[in-house]
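Please keep the sequence and the structure in view while reading.

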Amino acid sequence: MFENLNYSHSRIALLAKLNNATNYLEIGVQSGFTFFSGDLPLKVAVDPYLKFNPLDRKKDGEYFFQMPSDDFFGDLADNSPVVQELSTKNQLAFDIIFIDGLHTYKKSYKDFINSLTYSHEKTLFIIDDAIPCDIYNAINNQEKSLSERRRACMYGTPWHGDVYKTIFTIHDYHPDISYCTILNAGNPQTILWKTKKERSQKKFKSIDD
Ligand SMILES: C[S@@+](CC[C@H](N)C(=O)[O-])C[C@H]1O[C@@H](n2cnc3c(N)ncnc32)[C@H](O)[C@@H]1O
C-alpha cells in the first residue's frame, strides 16, 4: 500500500496508519485523484471548482463542499449547513488535514490557521507545494506566473505560488508546531504535528521580512 511515497495518497495512507486516523479533510480536491484514493471512514472534500459531479461520486462517509475554504470554515464556526451535514460536532476534529487549495501564502496560511481549530493533539497536517521549483513558479499570481514562465521559454505549467512563506511563518510564529519537509520525492510537501519545536529560533525579524 505504501510502495510509492512520491504520491500524496500513499503518504497520507502511511500517516493515517501512524495516527490511527478515521477521518480526513482535504482542502483543494480538483478531480479527486488523492481524495478518492484514500479509504478512511469519514472524508471531507472542499473545493469551489470540483472537476467532477459530487452527486455522481458520493459514497457513505464522503462529504463534498463545493465552496472556497473560507466559506467552509465560516460555516463550521456558525454551526450552519456544513455542520448539519457532518451530523455532529464530534466529527469536527480531523485526524489528517491535507492543505492543497489556492497556492498563495495568504490562503495557505489561512487554511492552516483555520484547520488548527478543527484538529486535536494528534492531528497530522500536510501542506502541499511547500517549495517552488524556480522563481517563475513562486510568483503568487497564477496567470502572471505562467506568462512569465512562457516569456522565459520554460516548459510546463507548474504553479506552487508563495506557499513556501507559510512554512517560514509557521517556523517563526508557531513554536508548538513541529514539521518536516519531504524533498526529492514527488511534490515537496511539509508534514506538521503538534509538538514543541526543539530549535525554534526565529529566521526573520517580522512577518513582513
Ligand atoms: C492542485 S489542485 C488540488 C489537487 C488535489 N489535492 C489532489 O491531490 O489531487 C488545487 C485545487 O485548489 C482549488 N482551490 C482554489 N481556490 C480554493 C479555495 N479558495 N478553497 C479551496 N480550494 C480552492 C482549485 O479549484 C483546485 O482544484
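The lining of the largest cavity is made up of four nonpolar, three polar and three charged residues, where Ala, Val, Leu, Ile, Met, Phe, Trp, Tyr, Cys and Pro count as nonpolar, Asp, Glu, Lys and Arg as charged, and the others, Gly among them, as polar. These lining residues are I99, D100, G101, L102, H103, S108, I127, D128, D129 and V163. The space in this cavity comes to about 40 Å³, a volume being the space filled by probe spheres set on grid points that are joined across faces, edges and corners. On a 1 Å grid over the protein atoms alone, a cavity is a set of points where a 1.4 Å probe fits but cannot get out, whereas a pocket is an open set with protein on both sides within 12 Å along at least five of seven lines, and lining residues have an atom within 4 Å of a point. By this rule, one cavity of 30 Å³ or more is counted.

## Basis of the model

The model is predicted, so that local features need pLDDT of at least 70 and side-chain atom pairs count only at pLDDT 80 or more, while totals for chains, interfaces and linings use all residues. Residues are numbered from 1 along each chain as its sequence is written, and side-chain values use heavy atoms, with hydrogens and water left out.

## The largest pocket

The largest pocket has a volume of about 980 Å³. Its lining has 36 residues, of which G28, Q30, D100, G101 and H103 are the closest to its centre. By class, this lining holds 13 nonpolar, 14 polar and nine charged residues.

## The ligand

The ligand sits in the largest pocket, meaning that more than half of its atoms lie within 2 Å of the pocket's grid points. Around the ligand are 18 residues, the closest being G28, T34, D47, S69 and D100, with a heavy atom within 4 Å as the criterion.

Among the polar contacts (pairs of N or O atoms within 3.5 Å), an oxygen atom of the ligand lies 2.5 Å from a side-chain N or O atom of T34.

Conventions: A polar contact is a pair of N or O atoms within 3.5 Å; within protein, one must be able to donate a hydrogen and the other to accept it, and residues adjacent in sequence count only if both atoms are side-chain atoms.
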